[in-house]
Amino acid sequence: LLFTAVQAFTIQPAVTPTRVRSVNLFMANDAQAEAEALREKARLLKEEVAALSGTTVEKMDAKAVEEKAAAPAPPSTGENLYDDQVAEFKDPLSDNMRAKLMREASTGLDSEKPQTNVILYISVVIAILVGLAGSGILY
């Protein structure tokens, strides 16, 4: 019993350097093996898609390369754009959308024009009704 109590308070040595080195090699091999397994799964899935679409993997790859090459290049101004320069402004709204927003804004919800306070009128009506109905109870 005394021996176990003494061992409870002793510091056990950490993992030896040779053990750490072998764990690192194992992890590296594991990651490489996992990456290879994922590549194999991707290849099998690509073959399955090709079989379902009635074509070959090579034709699918060639089509993807053609689509990528045919994609329009981003517009270029012809010169470099530096930090203190600003790109040319392009209006994000079309004319139709701008007209629709202007019509919506002119329907009476204008922040510049004063609005009637409907809540005040409703409160006054309720106060009058309570006063009339509660004449025998309130006073």
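Tyrosine 121 is exposed, with a relative accessible area of 53%. Here, exposed means over 50% relative accessible area, buried means under 20%, and partly exposed lies in between (1.4 Å probe, protein chains only). The model is predicted: local features need pLDDT of at least 70, side-chain atom pairs count only at pLDDT 80 or more, and totals for chains, interfaces and linings use all residues. Residues are numbered from 1 along each chain as its sequence is written, and side-chain values use heavy atoms, with hydrogens and water left out.

Tyrosine 121 belongs to helix 5, which spans residues 118–133. Helices are DSSP runs of H or I with at least four residues, numbered from the N terminus. Together with Leu120, Val124, Ile128 and Leu132, Tyr121 makes a nonpolar surface patch of about 530 Å². Residues in a patch have over 30% relative accessible area and no salt bridge; nonpolar side chains (Val, Leu, Ile, Met, Phe, Trp, Tyr) are joined within 5 Å, like charges within 9 Å. Accessible areas were computed by the Shrake-Rupley method with a 1.4 Å probe; for residues, only the protein chains shown count as cover.

Charged pairs were examined next. A search of the whole structure finds five salt bridges. A salt bridge requires a side-chain nitrogen of Lys or Arg within 4 Å of a carboxyl oxygen of Asp or Glu.

Arginine 39 is exposed, at 54% relative accessible area. Glutamate 36 is partly exposed, at 45%.

Glutamate 40 and arginine 43 form another salt bridge, with their closest N and O atoms 2.3 Å apart. This pair also lies in helix 2, with a spacing of three residues, about one turn of the helix. Glutamate 40 is partly exposed, with a relative accessible area of 32%. Arginine 43 is partly exposed as well, at 39%. A network of salt bridges links Glu40, Arg43 and Glu47.

A further salt bridge brings together the side chains of aspartate 61 and lysine 46, at 3.3 Å from N to O. This pair links distant parts of the chain, 15 residues apart. Aspartate 61 sits in helix 3 (residues 57–70), whereas lysine 46 sits in helix 2. Aspartate 61 counts as partly exposed, at 34% relative accessibility. Lysine 46 is partly exposed too, with a relative accessible area of 37%.

Terms used
Helix = DSSP H or I, 4+ residues; strand = E, 2+ residues; numbered from the N terminus.
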